[in-house]
Each structure stands twice: as structure tokens, then as C-alpha cells.
Amino acid sequence: MNPANPGDNPAFEPGNYARPNQNWTCGRATEGQPCRAGPDAKGRCGAKAECRPRLEIKPGQTKGRWHCTRPEACESGPLPDGRCSRPVARCSPVPTLRLWRARASLAAVAAACAALLICLGVPPWRGRFISPGQLSQPHSSAAFAALASTNHLGGGCAACHVAGNSGPRGLMARAARARPGMGDFHGLLTASAAAPTRMDAACLECHAGKNFHHPAAPAISCVFCHKEHHGAAMAAATDAQCDFCHGNAATMSAVSAMPRIHHFATDHPEFRFIAEKWRDPDTLQFNHQLHLTSDSIPKLPGGRKLDCAFCHQPDASGAFMRPVNFERNCRVCHSLQFDPQTPELALPHGSVRFVTAFLHSLPAQYARLAKREGAADSDAFVQHKLAALRSQFGSGAELERRVFFSTATVGPEEQIGTLSGATRAVFPGCAYCHEVKAGPEGPEVTKPLMRERWLPDAKFSHASHAGIACARCHDAVESRDTADIILPPRETCLECHSPRGGVAHSCVECHNYHNPAPTVAAR
Amino acid sequence: MRRFRRQHLLGTTALIVAAIAALLLHRAFHRTLPDYAFVTGWILFAAMLVLAVYNARKKLPFLPLGNSESWLQIHIYLGFFTVLLFFIHLNFRLPRGWLDISLASLFALVAASGVAGLFLSRILPRRLSTRGGEVIHEQIAPLRHVLKTESEMIALGPAASSPAVAEFYTRRLAPFFAGPKNAWAHLFESRRPVHSLLAELEDLRRTGSEAERGALEKLADLVRRKDGLDYHRALQLTLKLWLFIHVPLTYALLIFTLAHIAIVFAFSGGAQ
């Protein structure tokens with residue numbers, strides 16, 4: 001025998017095929033002496049005797065005679081009762097690898113079924129086992145659980161899912177009744193991803209209405225945009241979700257004249273205030289260019305140059321700017337001093353009535369000033385001042401007319417100092433800044449209409465853009481007219497908010513779907 | 001060999017084309033097709049069923065369902081493609097949640113064991129051919145018994161007359177012939193254990209009498225043949241044992257998949 005070829009051992013019988021596709025082999029096969037019968041399918045030893053004797057009854061015989069059926073009959077022959085006289089020792093059949101593999105498979109199946117039954121059948125474990133990820137913070141809080149209970153929703157998963165509290169059998173039943181169903185491939189392929197589902201009813205138990213951003217917007221399922229189980233912060237809607245309507249020509253033409261929009265960076269139209277050439281209707285006269293670039297603009301106290309930040313200061317949130325206020329932002333230069341010789345005296349601001357009353361009470365105002373400054377002869381002081389005014393304006397009526405209606409920037413009216421007295425500013429008259437009309441009961445000043453938000457539905461935060469110079473977005477130095485809306489065009493935003501700029505540029509960066517956001521309430 | 005290469009080329013080409021097509025379809029539809037995860041899930045499940053049917057096909061050789069070799073080729077290439085389908089179904093993200101993680105882990109184990117089995121079935125038969133000899137796995141135990149009997153006859157039988165050989169046999173060779181030995185060494189192609197044993201035999205032979213030398217040479221021959229049997233057993237058993245992971249886990253995977261399908265539909269928006 002070749003040592004490298006153990007199969008050619010003459011002691012081994014090649015014809016003795018071991019039948020590896022059967023589950024059991026003879027226990028003596030490992031000794032090279034398997035019995036001829038072999039084990040049965042259930043692993044029981046089939047060995048009984050070396051042969052199965054055959055009964056032969058010749059004519060005329062009644063009992064007959066048992067004969068050995070071996071090829072070479074044994075010497076002793078069968079026993080009188082027909083049993084073989086040479087019984088074979090029984091063995092313990094050995095499982096084949098095939099049977100061991102079947103047993104391993106069976107064990108794996110049993111373990112899998114047991115694990116599933118335990119994990120799906122024990123309520124405290126079911127939710128944790130099934131949940132495909134962490135719920136958002138609002139939906140995993142104790143407050144949500146309490147609200148769900150108040151609004152008669154189920155506890156745990158059942159607050160949103162109809163199968164939330166179902167055991168294994170209930171899950172199967174719910175799955176079988178789902179629409180589209182498990183076997184409904186056509187339904188799965190053609191179903192609308194945004195179509196409202198039964199789960200929306202659970203959302204609306206707590207959220208009062210969907211408040212779509214457009215009255216004619218098609219009804220959309222909450223879960224189409226709000227993907228749960230994606231972590232503590234609910235995932236923001238993607239452009240694809242907006243694209244469901246805004247990228248669909250039929251939907252858009254049905255509800256508005258807006259073009260199809262897929263992404264801000266690709267086909268978002270120019271902002272409406274530019275495309276439609278909106279003008280600021282405010283009647284207040286203001287020249288940004290003059291205030292930012294002119295040498296005639298006085299320095300602020302401390303020698304600081306007037307800049308954007310002096311008038312435009314962020315609100316508490318930092319997102320938007322506080323409205324410009326005369327007392328805070330304008331009076332430092334425009335002190336409303338009407339008497340060049342008496343810079344201490346200034347007109348009140350904000351009410352025609354107050355200004356008129358002030359002018360009509362000028363003697364008293366001068367007398368109060370004389371007292372404040374400790375003048376020896378108050379009457380002489382007042383008369384002197386009034387005489388000076390009279391010489392400049394001619395009469396009280398003329399003074400009042402000029403205060404309200406004059407817009408002249410030359411002449412004696414400009415000789416008025418600032419509040420600090422350090423520099424000077426002009427006060428030609430209210431009409432220099434305001435729209436002043438002659439009314440039946442005197443001058444009428446149109447109240448300035450200072451619009452705080454031009455794009456009220458858009459999200460924006462100045463705080464997020466704090467590192468960018470104002471002029472990069474707001475071209476104020478080129479604006480000479482109040483009617484100019486000094487907001488940036490889309491192209492300016494695209495410098496950053498685009499793939500090339502590398503800053504987030506999805507729809508929800510600026511837009512809100514819900515308008516206003518749905519409130520949460522107990523029923 | 002040429003046929004095998006042609007099959008390999010054809011299968012690899014088909015796999016690459018299918019993979020590219022699947023990735024292109026994924027790119028085109030994963031954002032637009034409603035219920036995309038349901039669709040990819042069903043396709044993945046169908047592929048897994050086809051892969052699992054291969055085992056059943058082997059048990060039904062009498063059915064005219066194509067030959068086993070073709071089924072094996074389909075099983076291998078479809079197996080690789082199913083791994084891609086699995087990632088597409090997951091949208092190339094990691095699974096979250098215990099059920100999904102369990103399912104993904106089972107899939108990974110089944111796929112990894114399949115790749116390991118493919119690797120073993122490509123490497124080990126070649127090593128067995130290189131070593132020489134052919135023996136059916138089920139015949140190894142009887143053959144080992146024969147070798148054990150022969151060695152006992154030489155060392156301890158009526159014709160044996162050397163106490164030194166008998167002592168050496170009892171101490172060192174009897175455990176060696178008693179059962180399979182050195183499986184790990186054979187797997188890693190190390191012959192150090194048998195060389196060590198043969199070296200001890202050679203030491204004994206050099207100092208032995210003429211009769212002892214003859215007996216020891218016969219024993220050395222039996223040791224080599226037993227080592228050959230052990231080598232075959234180790235490699236052939238490895239070729240069979242990887243299926244002890246691949247097949248049972250496949251059944252467990254299918255059961256978890258069925259549970260996953262039921263749960264996904266029961267918790268879908270359309271659940272009633």
C-alpha cells in the first residue's frame with residue numbers, strides 16, 4: 001500500500017459503500033466490519049442474524065424444513081423454530097454528518113423561533129426588539145406618554161402603530177391586513193409615498209391640524225416628511241420630499257403659477273421681491289449711501305464713524321434686527337434743535353400734537369431753560385430768545401410751518417448742532433425725513449411703515465451669518481432711495497448655499513412646510 | 001479547466017453587469033419610488049429563497065431541475081449579488097434596532113460562511129490532490145482501524161519479540177493510532193508532529209536489533225499512512241464542517257426574515 005494513498009488498503013472493501021446520504025451508519029463500520037443489514041431510518045440497529053432461514057415444504061411433508069440462505073450454508077443451520085443459529089451482535093448505530101447537520105439546522109430553527117417568540121411575546125422586550133432606532137426626544141418623553149394617555153392613544157409603540165401592543169399572532173394578523181398587502185406587488189410599486197395613512201390619525205390626536213403652507217397643497221402623510229426612529233432629533237425633511245409637489249408640473253400648475261423647483265441651487269427662481277421689483281412703501285426718506293459714505297455725516301460720540309451696526313442691532317434671539325428707533329438710533333445726530341442759538345432746546349419726536357404744543361409753549365420752554373441754567377433775569381432771557389427767533393422766522397406761524405414742512409438743506413436751518421454739540425446735523429424740518437401733509441386741523445405726518453420682515457415665511461438668522469460682512473449681502477452703499485429693498489439676490493446666497501459653496505442648501509434651510517407650526521394639545 | 005475558466009468569466013461578467021445595473025436602478029429609484037424599501041426587500045427575499053433552494057435541490061437529485069454544478073454556480077454568483085442587494089435594501093446604512101441588527105448579523109454570518117466555504121472548496125481539494133491519495137471520508141475510520149490493528153500486530157502481536165518496540169508502541173504509537181490526530185497541524189500544512197514521531201522511531205531503529213529494525217520500519221510506514229489518513233480527515237471534515245454554520249444559520253436567517261417582513265407590514269402606515 002502506498003503510504004500516500006491510504007485508499008488502496010487491500011483490507012478495505014471498496015464495494016462497501018458507506019451511504020453518506022443516510023442518517024445513520026452501522027456502529028461497527030468504524031472497525032471496518034459493518035453488518036449487512038445496517039441501521040434503519042430511525043437509527044435502530046437492524047442486525048438480527050447472519051441469514052433469514054427459508055422454510056421448504058416438500059410434497060407430502062407437513063412441517064417442512066428450514067434452510068440457511070447464506071451463499072455458503074453454515075454448518076449448524078437454522079434452529080428448529082426457523083431462527084438463524086448465528087445471531088449477529090447488535091451495535092449502536094452512529095449518526096452521519098448529514099444527520100448532525102440536520103440536527104444543527106433544527107436547533108438553529110428552534111433557537112430562532114424561541115428567540116422571536118420570547119422577544120415578541122414579552123411586552124417589555126417587544127418594543128425594544130422591534131424598534132428600528134431611537135425615537136425623537138419629544139416622542140420618547142414622559143410628557144408624550146402622558147399626552148398619549150390623555151388623548152386615548154395606546155401606550156408605548158401603540159401610541160402611533162396599530163400593531164404596537166400586538167403579540168406574535170396579532171402582528172401576523174395586522175401584517176396580513178396591511179394595505180398595500182404583503183403580496184400586493186402592484187400596490188407596492190404604484191402606491192403614493194405621500195398618501196395619508198392610518199398612522200396620521202394618531203399624529204393628529206395630539207397635533208392640531210397639519211397647517212399646510214399652501215391652502216391648495218395636496219394632503220400629505222405626516223410620516224412622508226417626518227421620519228421617526230432616526231435619533232433624538234427628528235430628521236429634517238429633504239429636498240426630495242419638497243420635490244414631491246414642487247417638482248411635479250401637474251401639482252404645481254393646479255395650485256399656483258410657480259415653476260417647478262427641485263433644488264435651491266439649480267432651479268429655484270429669483271426671490272420675488274427682485275423678480276417682481278418690489279419697492280419699499282415706507283414714506284420715510286432715508287439715504288443709506290449718504291449715511292454710510294458721505295463726509296458730511298458727523299462722527300458719533302467718541303469719534304466713531306456711523307456704520308450699519310449703530311442702527312441695526314440684533315434682537316434677543318440674534319436671528320433678526322431690532323427695529324430702528326429714533327430715540328436710540330437717530331437723535332444722537334438728528335437732535336431736532338430748531339433754534340440755532342439755543343441748542344439745549346429740542347423738539348419732541350413722535351407726535352404732531354406734542355410738537356405743536358411745544359412750539360405754542362415756547363415762552364414757557366425758554367423760561368424753564370432759563371431757570372435750569374440759572375439766568376438772573378428769566379423774562380429778559382425769554383424775550384431775547386423769542387426776539388431772535390422772530391428775526392429769523394418772522395412769526396410763530398412761519399416757525400411752525402418751517403418746522404413741519406421745510407426740506408431746505410441750505411440756509412440758516414442747517415446751523416443746528418448735534419445733541420452732543422460735538423458736530424452738527426441738519427434740521428430743515430420734519431418733511432426732510434417724513435411725509436408731511438397739510439390737514440384741516442394742521443400738519444399731518446404719515447407714520448413711517450418700517451417693515452421688519454420682507455420674507456416672513458423664510459427662516460433666517462443673522463447670528464448664523466455673523467462672520468460675514470453686512471455689505472456682502474446688503475448693498476446699502478448703493479442705495480439712495482428708501483424704496484430700495486436692500487436684501488441679497490439669490491445669486492449672493494448661492495455663493496455659500498450651494499454645492500460649490502459647501503453650505504447647507506436644502507429647502508428646509510429657509511422654508512417652513514407648516515405655516516404656522518402645528519400645536520400640540522390634549523383633546 | 002478551460003470550461004471552468006469560461007464559466008468563471010461568464011459568471012463574473014454577469015455578476016458585474018448585474019451589480020452595475022442594480023446600482024444604477026438604486027440611484028434612479030431610491031428617492032422616487034414609493035415603498036422602495038418594500039420593493040428591494042422582496043427582491044432580496046426572493047434571491048435568498050433561490051439561494052436556500054440549492055440545499056433542497058441537492059436532496060432531490062431525481063427531479064429534472066438542472067445539474068448540481070449549474071446550481072452551485074448560480075448559488076455562488078447569486079450569493080455575491082445578494083450581498084449587494086442587502087446593502088441596497090439597507091440604503092448603504094448600518095442597521096438600527098435589535099431585530100434589524102440581529103437580521104443583519106445573521107445575514108453577515110451566512111454570507112461570510114459562504115465565502116469561507118467557497119474559499120475552502122477552492123483551496124483544500126487542491127491541497128488534497130497535491131498530497132496524493134484518495135479516500136472517501138466515510139471510509140477513513142475503518143481504514144484507521146485497519147492500520148491500528150496492523151500496528152498492534154507488529155508491535156504487540158504473537159510474532160513480536162521486542163520489549164523496547166512494545167514499550168514504545170504502548171507509550172507513543174498507541175495513542176497516535178487510537179484516533180484522528182494533529183487536525184490543526186494538518187490544516188495549517190504543518191508536518192512537524194509526524195516528523196517528530198518518525199524521528200523518535202528512527203532513533204529507536206538505529207539502536208535496535210535486526211528484528212526490531214524490521215518491525216520499526218513497518219511501524220514507520222503505518223505511521224505515515226495514518227498521518228495521510230489524518231490529513232485527509234482534517235481537510236475533508238473542514239470541507240464539510242463549514243456547512244454546519246452556513247446551513248443552520250440560513251434557516252435561522254429565513255425565519256428572522258419572515259418575522260421582519262411581518263413586522264414591517266404590521267407597523268407600516270397601511271397597517272389596519
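Predicted model: local features only at pLDDT ≥ 70, side-chain atom pairs only at ≥ 80, totals over all residues.
Biologist: Where does one begin with chain A, and how many helices and strands does it have?

Modeller: Begin with the inventory. Chain A has 20 helices and eight strands.

Biologist: How do I judge whether chain A is compact or spread out?

Modeller: Compare its radius of gyration with what the globule rule gives. For the 523 residues of chain A the rule gives 24 Å, but the radius of gyration is 49 Å, so the chain is more spread out than a compact globule. Along its principal axes the C-alpha trace of chain A spans about 175 × 60 × 50 Å.

Biologist: What share of chain A counts as buried?

Modeller: The share is 16% of the 523 residues. As for contacts in chain A between residues at least 6 apart in sequence, 57% of them join residues at least 24 apart.

Biologist: Which domains does chain A have, and how far apart are their centres?

Modeller: The domain assignment gives domain 1 as 131–175 + 192–270 and domain 2 as 325–445. Their C-alpha centres lie 62 Å apart.

Biologist: Where is His229(A), and which residues does it touch?

Modeller: His229(A) is in the loop between helix H7 (222–225) and helix H8 (239–246) of chain A. With 15 C-beta neighbours inside 10 Å, His229(A) is partly exposed. Not counting residues up to four places away in sequence, His229(A) touches Ser131(A), Pro132(A), Gly133(A), Gln134(A) and Leu135(A).

Biologist: Where does His474(A) lie?

Modeller: His474(A) lies in the loop between helix H19 (470–473) and helix H20 (490–494) of chain A. His474(A) is partly exposed, with 18 other C-beta atoms within 10 Å. Beyond its neighbours within four places in sequence, His474(A) is in contact with Ile486(A) and Pro488(A).

Biologist: Now chain B. How is it divided into domains?

Modeller: Domain 1 of chain B is 2–131 + 242–266, and domain 2 is 137–238. Their C-alpha centres lie 45 Å apart. Six residues of domain 1 of chain B are in contact with four residues of domain 2. On the domain 1 side of that contact, four residues are nonpolar, none is polar and two are charged.

Biologist: How can I check the length of a helix, for example H5 of chain B?

Modeller: Compare the expected span with the distance between the end C-alpha atoms. At 1.5 Å a residue, the 20 residues of H5(B), 137–156, should span 28 Å; the ends are 29 Å apart, which agrees.

Biologist: Which residues of H5(B) are buried, and what covers them?

Modeller: An α-helix has 3.6 residues a turn, so residues three or four places apart point the same way. The buried residues of H5(B) include Ile140(B), Leu143(B), Leu147(B), Ser151(B) and Ile154(B). Among the elements that cover the buried residues of H5(B) are helix H6 (163–178) and helix H9 (210–241) of chain B.

Biologist: Which residues touch the most other members of the largest nonpolar core?

Modeller: Of its 29 residues, Ala155(B), Leu173(B), Leu219(B) and Val223(B) do. H5, H6, helix H8 (192–207) and H9 of chain B each supply at least two residues of this core. H5(B) gives the most, with seven. A second, separate core of 28 residues includes Ala175(A), Phe256(B), Ala262(B) and Ala271(B).

Biologist: How many residues are in contact between chain A and chain B?

Modeller: On the chain A side there are 57 residues, in contact with 51 of chain B. The largest share of the chain A side, eleven residues, comes from H1(A). By class, that side has 37 nonpolar, 13 polar and seven charged residues.

How values were computed: Residues numbered from 1 in each chain as written. Chains lettered and ligands numbered in written order. Domains from an automatic or database assignment. Contact = placed C-beta atoms within 7 Å. Nonpolar A, V, L, I, M, F, W, Y, C, P; charged D, E, K, R; others polar. Helix = DSSP H or I, 4+ residues; strand = E, 2+ residues; numbered from the N terminus. Expected span 1.5 Å × (residues − 1). Buried ≥ 20, exposed ≤ 12 C-beta atoms within 10 Å, placed from the backbone. Rg over C-alpha atoms; globule rule 2.2 N^0.38 Å. Core = buried A, V, L, I, M, F, W, Y, C linked by C-beta atoms within 7 Å.
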